[in-house]
Amino acid sequence: MVYWLVRFIAFCVFRVVYRIKVSGIENIPQEGAFILCSNHIHALDPVILATSIRRQLRIMAKKELFESRLLGGFLRAVGSFPVARNTADMSSYRNSIKSLKSGMGLLIFSQGTRLLELDIKNAKGGAALFAVKAKAPIIPAGIAGSYRFFSSLNIHFGKAIVLDQYYDEHLKTDQIETIMTGIMSEVEKLVT
């Protein structure tokens, strides 16, 4: 309930403050689990993506944001959960798989932090691992533009990437790297 209220308010505000163009919305599954894998250029990226689709998203956010009781409480209320970056965070892994197995969308920024330029070769492997474990498609997304007031923001959603050839496998490091390079290459196409 809180998610939809916050999304509605953000949608109204963002449509006044920015000139937003969304394409590829037909690539977002109407039901069932999916992973939204996007570039990350600004702190408002999760909100702009959530207001661009009609599905609820669970959002991985760096654990430092949850250290404030007020902000942490708000983030949890809208469906976010913490992830410890640069480590194998089993709690985050369980939250991700549980969200996907319940049929929800999961937003992941595979760069692991905000970067103005994509770093395709150093993408984190979570999206690949979660997609294989939960048998969920990955939807690449690209955000291009500026968050300056009244500027243009372009949100592009690409075609689903299905990793069904790996569904019953335990992914090896080189497979994860190959998969993530492919995913981030698709994200790059949506940004340029």
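A: Glu186, at 31% relative accessibility, counts as partly exposed, where buried means under 20% relative accessible area, exposed over 50% and partly exposed in between, with a 1.4 Å probe and protein chains only. The model is predicted, so local features need pLDDT of at least 70 and side-chain atom pairs count only at pLDDT 80 or more, while totals for chains, interfaces and linings use all residues. Residues are numbered from 1 along each chain as its sequence is written, and side-chain values use heavy atoms, with hydrogens and water left out.

The side chain of Glu186 meets that of Lys189 in a salt bridge, at 2.9 Å from N to O; the term requires a side-chain nitrogen of Lys or Arg within 4 Å of a carboxyl oxygen of Asp or Glu. Lys189 is exposed, with a relative accessible area of 55%. Both partners lie in helix α6, 3 residues apart, which is about one turn of the helix; helices (H or I, at least four residues) and strands (E, at least two) are DSSP runs, numbered from the N terminus.

The structure holds 2 salt bridges, and Lys135 forms one with Asp168, the closest N and O atoms being 3.8 Å apart. Lys135 lies in the loop between α5 and β6 (138-145) and Asp168 in the loop between β7 (152-157) and α6, so this pair ties together parts that are 33 residues apart in sequence. Here Lys135 is partly exposed, at 47% relative accessibility, and Asp168 is exposed, with a relative accessible area of 72%.

Leaving aside its neighbours within four places in sequence, Ile35 is in contact (heavy atoms within 4.5 Å) with residues including Leu100, Phe130, Pro137 and Ile138.

Strand β3 (residues 57-62) is largely enclosed by the rest of the structure, because 5 of its 6 residues are buried. β3 runs parallel to β4, to which 4 bridges join it, and Met60 has Phe81 in β4 as its bridge partner.

Methods: Pairing = 2+ DSSP bridges.
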